[in-house]
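Subject: The structure we talked about, with notes

Hello,

I am passing the structure on to you with this email, and I would ask you to keep it open beside the text while you read.

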Amino acid sequence: MTEVDLTNFFSWTFLLHLVRALVTFNISNAILKSKRNVYVTFFSIVIPCLIYSWVGVSVATLENELLIMVGYYILTFIVLCFAVEGAIFAKLFTAIFSHIAYLIAGYSGGLIATFLFKTNLSLGVQLKVTVNILLTICICIYSFSFIFVAVINFIKSKTNPSLKYKTKYTFYYLFPITHVFSSMLIFQAIKIATPEGFTQLVEKDPYFESWIIILMVLCLVFDVCIIFIVDRQSKTEERNIRNEKELLKSELNYNQTQLLKKEQVEFRKVKHDLINLLTTASGFIEMGKTEKALEILRKTGNSFSEISGTPICSNDTLNTICYIKQQMAEKMNVTLKIDIMENAFLKIEDYDLCRLLHNIMDNAINASSKLMSNRTVEISIEISPDFFCVKSRNEYSQQKKSKSTHGVHGNGINIINDIAKKYSGTYTAALEDNFYTTCTYLKNISPVT
């Protein structure tokens, strides 16, 4: 079995130092944000760290080993200052934490290698190891670093709800751990199948060692690629969300224009007779016929309030959504009643407001459109300085009693729940007295960016 002298940087020892640089990059990429892109950050961290390691191995002695290690993480901190965004303290914490992660992962890798190959391993003292042991330790160290990455992303998603969509990528980060356990199973199976042991098997079949090395290197390469795969997918998702926001903004602008045109047309119809109506009402008052005057004024007021067919508040996006949904309900022969109580400025992001109200109203309108009668949807919206509350109420089909509430209003429930959590709110739904009711409560706050 080929032995590696850890005091020589080439040809195998550099892998151990490469893994140390990769762990630093992995932790940095999880905590901090790249100034340009993940590829630039990768090379900015890995290349200087490898050059320093090469020089460090060349001049290392037992006396200056600790000093060289400290210098490595000082270099890491300096590189992070130029390669990533964030506060100085965050970059200092990242440099220190990457060292802690490397030590813990290295210790775990040493234990696994000891278990697999029955060798008393201590990289801090032992200067010669076999290639398979070195590769096993490298894979274990880098794979275990993903556990720290997964924990970091989980904590970030809990402290910043807007990052929730990224939590699904945590499963990618946990995948490299399977390489460790699968390798352990393979080596154990080899030992059971060949009583003479792993080393003697390699001596009998010289190609066996080559295949093991190739597989381990492929695992290491694949684990490195995972970071770039996740970054690419997350960037694509962010781009899709931006495009969706732009499309939604264009739709809102178009519908706001249509709403304004409709209001202008309806207003011109009423304006033509407004002076005559007011003159007539004034004449009735002078004649003492106040009831006639009140009736004319009331009908005139109703005409103005029905100009747009939608309730009016200070939020243009909310007005437009109500207009869109009333047009939709009218086409589906559903009566949509909307009541808005407003005594504060609405801080909810337009994109979230659109997704929330579209899903709530669509569910209620679609459910009511399937009824034979009582096709009425009531939407109550309250805007206060502290909260934004949307309530919906509509009759539901008796045939759906045996189904879950998701069978009645199943579309977009996850979206509503996600938005509610983003604004520290709640979403509840209930079936009561032949009516399906929902209540979505959000804090009236600006979203965390």
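Below are notes on what was found, from the overall make-up to single residues.

This is a predicted model, in which local features need pLDDT of at least 70 and side-chain atom pairs count only at pLDDT 80 or more, while totals for chains, interfaces and linings use all residues. Residues are numbered from 1 along each chain as its sequence is written, and side-chain values use heavy atoms, with hydrogens and water left out.

**The overall make-up**

The secondary structure comes to 14 helices and nine strands, where helices (H or I, at least four residues) and strands (E, at least two) are DSSP runs, numbered from the N terminus. Of the 449 residues in the protein, 43% are buried; buried means under 20% relative accessible area, exposed means over 50%, and partly exposed lies in between, with a 1.4 Å probe and protein chains only. If we take the contacts (heavy atoms within 4.5 Å) between residues at least 6 apart in sequence, 73% of them join residues at least 24 apart.

Five strands form an open sheet in the order 5-6-7-9-8, with mixed pairing; two strands pair if DSSP finds at least two bridges between them. Strand 5 (335-342) and strand 8 (426-432) stand at the edges with a single partner strand each, so one side of each is left without a neighbour in the sheet. From one strand to the next, the twist averages 10°; axes here are lines fitted to C-alpha atoms, for helices over the stretch in contact, and angles run from 0 to 180 degrees between N-to-C directions.

Strand 5 and strand 6 (residues 376-383) run parallel and are joined by eight bridges. Ile-340 has Ile-381 in strand 6 as its bridge partner, and Met-341 stands opposite Glu-382 in strand 6. Helix 11 (residues 316-331) touches strand 5 and strand 6, and its direction makes about 165° with that of strand 5. Helix 12 (residues 350-369) touches strand 5, strand 6, strand 7 (387-395) and strand 9 (435-443), and its direction makes about 15° with that of strand 7.

Which residues of strand 6 are on its covered face, and which on its uncovered one? The covered face holds Val-377, Ile-379, Ile-381 and Ile-383, whereas Thr-376, Glu-378, Ser-380 and Glu-382 are on the uncovered face. In the loop between strand 6 and strand 7 we find Ser-384, which is buried at 6% relative accessibility. Leaving aside residues up to four places away in sequence, Ser-384 touches Asn-343, Ala-344 and Asn-444.

**Aromatic rings**

A search of the whole structure finds 14 aromatic pairs. Rings of Phe, Tyr and Trp (its six-membered ring) pair if their centres lie within 6.5 Å, and planes under 30 degrees apart count as stacked, over 60 as edge-to-face and the rest as tilted. The rings of Phe-9 and Phe-10 have centres 4.9 Å apart and planes at 90°, so this pair is edge-to-face; Phe-9 is buried at 8%, while Phe-10 is exposed at 56% relative accessibility. Tyr-72 and Tyr-73 also form an edge-to-face pair, because their ring centres are 4.8 Å apart and their planes stand at 80°. Tyr-72 is buried with a relative accessible area of 0%, and Tyr-73 is buried at 11%.

Arg-20 lies over the face of Tyr-72, at 3.7 Å from the ring centre; for a charge to sit over a ring, NZ of Lys or CZ of Arg must be within 6 Å of the ring centre and within 35 degrees of the ring normal. Elsewhere, ring pairs link Phe-25, Tyr-39, Phe-42, Phe-43 and Phe-228 into a cluster.

**Val-224 and the cysteines**

Val-224 is found in helix 9 (residues 206-286) and is buried at 15% relative accessibility. Its contacts, not counting residues up to four places away in sequence, are Leu-22, Phe-42 and Tyr-142. Val-224 and Tyr-142 are 82 residues apart along the chain, and their C-alpha atoms are separated by 8.7 Å.

The structure holds zero disulfides, a disulfide being a pair of cysteine sulfur atoms within 2.5 Å. The sulfur of Cys-140 has its closest cysteine sulfur in Cys-138, 9.4 Å away, which is too far for a bond. Cys-140 is buried at 2% relative accessibility.
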